[in-house]
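Hi everyone, thanks for coming along. Please take a moment to look at the sequence and the structure on the screen, and then we'll walk through some of its parts together.

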Amino acid sequence: MMVGFVMLVHTALDRASQTARHWATSGCPIVIHCDRKVRRKEYTRLTESLADLENVSFAPRYHCEWGTWNIVAATQKAAEIMLQKHPEVGHVYLASGSCLPLRPVQELKAYLDARPRTDFIESVTIEDVTWTKGGFDSERFTLRFPFSWKKQRFLFDRYVALQRLVRFKRRVPKGLVPHLGSQWWCLSRPTLEAILTDPDRPMYDRYFKRVWIPDESYFQSIVRVYSSDVESRSLTLSKFDFQGKPHIFYDDHLQLLRRSDCFVARKIWPQANRLYASFLSNDPKVTKNAEPNPSKIDRLFAKAVDRRTLGRPGLYMQSRFPNRDWENGKTAEPYSVFEGFSDLFSNFDTWLGKAAGGRVHGHLFSTDRVEYAGGETTYNGGLSDSAPLRDHNPEAFLTSLIWNTRGERQMFQFGPGDSQKIEWLIATDPKAQISVVTGAWAIGLFQLGINSSVVRKEAARLQSVEAEHLRTLRSPYAKARVRIWSLAEFIEDPMNNLQTIMDDIMPGSRRRLTAAPLMHDLTGFGRFLQTLKNQGMNPYLAGDFPVDPELVPTSTDTQRPYLVKK
């Protein structure tokens with residue numbers, strides 16, 4: 001018995017002609033349907049390129065639109081011509097113009113000869129379908145779809161909404177169980193003849209003319225009525241991405257296609273010269289006699305989907321950038337945020353750089369400019385120190401900074417005087433380590449030596465901003481490693497608190513701190529806070545500071561509390 005090919009062609013006609021010639025010269029009859037949208041001049045060129053082959057025929061042309069009935073009608077007509085003109089054909093293989101044979105034709109013939117009554121067609125009940133993307137499952141069979149989804153989208157959506165509103169529901173023909181599957185099948189002659197000559201065919205055709213994407217359900221459903229041996233799989237390798245769009249195979253997929261052991265693959269890029277040169281051959285040296293097994297390469301396609309949907313941690317790319325929470329990790333590397341430390345210690349940046357060994361920036365989100373380490377005006381990746389540019393998309397600024405400095409831990413200062421637009425990202429980022437000394441902003445106001453309503457209002461503003469920021473850090477959605485001390489708590493035992501932070505930055509290092517950063521002189525700071533209270537503003541975030549003027553800070557004892565008797 002012989003296998004015949006029905007080819008549906010609408011583009012890249014030169015490649016379709018090349019593939020058809022390969023099959024025809026290998027002894028397989030061909031019936032080609034060319035979409036009516038193809039210009040007459042191109043269609044004539046196609047027919048003339050195959051005119052020397054007696055086993056190549058052309059079917060009447062239909063105007064085919066994605067998801068509409070004419071694709072099925074074109075397939076039916078071409079299949080009728082195949083069965084009528086070639087009684088020697090035992091199986092009919094449906095292919096497209098972008099298909100490419102992967103194995104010698106004699107292997108396919110032998111494979112089908114050993115299974116003369118087997119029908120290879122993916123046919124899955126709608127309850128078990130997992131691959132539909134943003135479409136209809138059962139509703140495609142119970143609603144009417146007279147409008148094109150691509151070219152008449154407004155009418156398509158409005159008509160679907162109307163049917164749902166009035167609760168319209170079509171009846172599925174008696175005895176027919178809706179199934180879905182790949183358009184590309186290989187059916188035995190008895191089964192295909194039974195489908196095309198069925199006395200109930202006019203009823204089936206009327207019904208499926210208004211089914212959505214009938215080319216994926218017409219043969220897939222009716223084959224269950226007549227076939228006694230359905231192999232629910234396609235002999236054609238056809239892969240789809242997470243959006244339901246077909247994967248296109250290029251020259252560098254050569255070894256991948258060979259490993260699949262499939263007989264045919266689609267879609268092939270028309271310019272893949274190496275693929276066409278390699279596979280359009282009946283060289284017996286490449287004969288495998290293996291069972292088609294596209295699942296052998298499914299793992300690679302799953303990785304491709306992960307790379308496209310997840311990407312590399314901390315790298316925002318086009319395919320997922322507009323979608324919130326699609327990121328594979330908000331940032332690429334761990335980093336540390338210090339809040340209040342530069343207010344409390346005069347040389348904290350220098351000390352931290354020596355103690356932790358990373359890159360220590362100032363206030364990256366200062367309202368004036370981006371304070372890069374070393375006073376740089378541009379940084380890795382061409383990042384500017386311009387505050388307006390940074391604030392246009394602060395999340396992208398920080399993620400780009402972390403990405404462009406991979407391998408080096410970034411550390412920076414943050415506080416209530418900075419732009420707060422970044423707080424949600426760092427709070428919900430598992431790679432962030434955030435250490436906060438609350439109320440430390442008051443030290444800067446204290447050092448001004450001014451007691452006025454202006455200072456009180458600014459203190460109230462900064463405390464309000466920090467209080468809101470603390471609520472974000474304590475949110476149930478926060479994923480960062482957060483440690484919070486009040487100013488009074490922190491200076492009671494600064495060395496142990498700093499050691500705790502260093503242990504988080506360098507886990508397992510067992511490195512003990514031997515020197516502390518230089519603390520600002522806090523003589524009179526307690527009185528300053530009491531003055532704010534007397535003026536009606538309660539700086540509660542700083543903690544409980546004594547007002548006794550004899551209590552002053554010292555930095556000579558690194559192991560004991562910093563507030564001691566004079």
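This is a predicted model: local features need pLDDT of at least 70, side-chain atom pairs count only at pLDDT 80 or more; totals for chains, interfaces and linings use all residues.

Let's begin with a sheet. Five strands form an open sheet here, and their order is S14-S17-S13-S18-S19. The pairing is parallel. At the edges sit S14, residues 359–363, and S19, residues 481–486, each of which pairs on one side only. On average, neighbouring strands in this sheet are turned by 15 degrees against each other, if we ignore direction.

Now let's go through some of the pairings. Strand S13 covers residues 335–339 and strand S17 covers residues 410–414, and the two pair in the parallel sense over five bridges.

In S18, both faces are covered. Ala432, Ile434, Val436 and Thr438 are buried on one side, while Gln433, Ser435 and Val437 are buried on the other.

Next, what lies across this sheet? Helix H14 lies across S13, S14 and S17, and it runs at about 155 degrees to S14.

H14 also meets another helix. As background, two packed helices are described by the angle between their axes and the distance between the axes. H14 covers residues 348–356 and H21 covers residues 494–505; their axes come within 11 Å and cross at roughly 50 degrees. H14 and H21 are therefore oblique to each other, and their crossing is right-handed. Which residues of H14 and H21 meet? From H14 we have Phe348, Trp351, Leu352, Ala355 and Ala356, and from H21 we have Leu498, Met502 and Ile505. By class, this contact of H14 with H21 has eight nonpolar residues, with no polar and no charged ones.

Helix H3 spans residues 70–85 and helix H7 spans residues 189–196, and their axes come within 11 Å, crossing at roughly 125 degrees. That makes H3 and H7 oblique to each other, and the crossing of H3 and H7 is left-handed. On the H3 side, the contact is made by Gln76, Ala79, Glu80 and Leu83, and on the H7 side by Arg189, Leu192, Glu193 and Leu196. The residues of this contact of H3 with H7 divide into four nonpolar, one polar and three charged.

Now for another strand, S4, residues 89–96. S4 is mostly covered, and eight of its eight residues are buried. Seven bridges join S4 to strand S1, residues 2–9, and these two run parallel.

Finally, the backbone. Where is Ile213? Ile213 lies in the loop between helix H8, residues 201–208, and helix H9, residues 218–226. Ile213 has a positive phi of about 55 degrees although it is not a glycine. With 6% relative accessibility, Ile213 counts as buried.

Asp261 is another non-glycine residue with a positive phi, near 65 degrees. Asp261 is found in the loop between helix H10, residues 254–260, and S12. At 7% relative accessibility, Asp261 counts as buried.

My last stop is the cis peptide bond that joins Arg266 and Lys267, where omega is about 0 degrees. Lys267 has its place in the loop between strand S12, residues 264–265, and helix H11, residues 273–279.

Conventions
Residues are numbered from 1 along each chain as its sequence is written. Side-chain values use heavy atoms; hydrogens and water are left out. Axes are lines fitted to C-alpha atoms, for helices over the stretch in contact, and angles run from 0 to 180 degrees between N-to-C directions. Helices (H or I, at least four residues) and strands (E, at least two) are DSSP runs, numbered from the N terminus. Angles under 35 degrees count as roughly parallel, over 145 as roughly antiparallel, 65 to 115 as roughly perpendicular and the rest as oblique. A crossing is left-handed if the near helix is turned anticlockwise from the far one by less than a right angle, and right-handed if clockwise. Contact means heavy atoms within 4.5 Å. Ala, Val, Leu, Ile, Met, Phe, Trp, Tyr, Cys and Pro count as nonpolar, Asp, Glu, Lys and Arg as charged, and the others, Gly among them, as polar. Two strands pair if DSSP finds at least two bridges between them. Buried means under 20% relative accessible area, exposed over 50%, partly exposed in between (1.4 Å probe, protein chains only).
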